[in-house]
Amino acid sequence: MKKIIGIALLLSLLSFCTNKSRYSLSVEAFDTMLQQTKDVQLLDIRSPQEFKNYCIPGAHNIDFHRADFLNMAIDSLDKAKPVLVYCLSGKRSKKALEMLKRSGFTTVYELDAGLNAWTQSGKPVGAE
């Protein structure tokens, strides 16, 4: 009986980890989604100063560290349209992805390793 419970627990944990990671996209997959997905919403969640210095062209900025981040996202984004979210390294975007999904956004993906990975791959960036 303990063995069955242990296996069930392990499978649940494995399923949870797999489900979280499937929303994290490589640079190439993120770029493909950005280019080929109709009505995609690109969300940069870094600070306004970071955003002003450089960003992925076409991004909308909402600072993740603002107390009203989630309210601003809900007010400015369409929950039914895909959202691609990124930050500098991927830490904030993983948290933001979970918040957005819990708030009813149907399709949300984040850029694994963030803008650091994007720029290292040679993908274009621009200034605000």
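Is Lys91 buried or exposed? Lys91 counts as exposed, at 64% relative accessibility. For the terms, buried means under 20% relative accessible area, exposed means over 50%, and partly exposed is in between, with a 1.4 Å probe and protein chains only. Lys91 sits in helix H5. Helices (H or I, at least four residues) and strands (E, at least two) are DSSP runs, numbered from the N terminus.

Before going further, some housekeeping. This is a predicted model, in which local features need pLDDT of at least 70, side-chain atom pairs count only at pLDDT 80 or more, and totals for chains, interfaces and linings use all residues. Residues are numbered from 1 along each chain as its sequence is written, and side-chain values use heavy atoms, with hydrogens and water left out. The predictor's confidence in each residue is its pLDDT, from 0 to 100. Its mean for the protein is 88, and 84% of the residues reach 70 or more. Over residues 6–20 pLDDT stays under 50, and for that stretch the model has 1 contact beyond four places in sequence. Contact here means heavy atoms within 4.5 Å.

Ala113 belongs to the loop between S5 and H6 and is partly exposed, at 33% relative accessibility. Ala113 is not a glycine, yet its phi is positive, about 70 degrees.

Asp39 is another non-glycine with a positive phi, of about 60 degrees. Asp39 lies in the loop between H2 and S2 and is partly exposed at 41%. Lys38 is in the loop between H2 and S2 as well, and at 70% relative accessibility Lys38 counts as exposed. Lys38 and Pro82 are 44 residues apart in sequence, and their C-alpha atoms are 8.3 Å apart.

Now to the buried residues, beginning with a polar one. Gln41 lies in strand S2 and is buried, at 13% relative accessibility. What lies 2.8 Å from a polar atom of the Gln41 side chain? The backbone nitrogen of Asp78 does. A polar contact is a pair of N or O atoms within 3.5 Å; within protein, one must be able to donate a hydrogen and the other to accept it, and residues adjacent in sequence count only if both atoms are side-chain atoms. Beyond its neighbours within four places in sequence, Gln41 touches residues including Leu77, Lys81 and Val83.

Arg46 is a charged case to look at. Arg46 is in the loop between strand S2 (41–44) and helix H3 (48–53), and its relative accessible area is 1%, so it counts as buried. Its side chain reaches the backbone oxygen of Glu50 at 3.3 Å. Among its contacts beyond four places in sequence are Cys55, Asp63, Cys87 and Arg92.

Two of those are cysteines. Cys55 is buried at 4%, and Cys87 is buried at 1%. How many disulfides does the count come to? With a disulfide taken as a pair of cysteine sulfur atoms within 2.5 Å, the count is 0.

Next, the cores. A nonpolar core is a set of buried Ala, Val, Leu, Ile, Met, Phe, Trp, Tyr and Cys residues joined through side-chain atoms within 4.5 Å. The largest one has 16 residues, and Leu43, Ile45, Val83, Leu100 and Val108 have the most contacts inside it. Helix H4 (69–76), strand S4 (83–86) and helix H5 (91–102) each supply at least two residues of this core, and H5 gives the most, with 3. Apart from it lies another core of 15 residues, among them Leu25, Leu42, Leu115 and Trp118. As background, nonpolar side chains in soluble globular proteins tend to be buried together.

Last, helix H2, residues 27–36. Val27, Phe30, Asp31 and Leu34 are its buried residues. They are on the same side of H2 because they cover an arc of only 95 degrees around the axis, the arc being that of the directions from the helix axis to the C-beta atoms. Those buried residues pack against strand S1 (24–25), S2, S4, strand S5 (108–111) and helix H6 (114–120).
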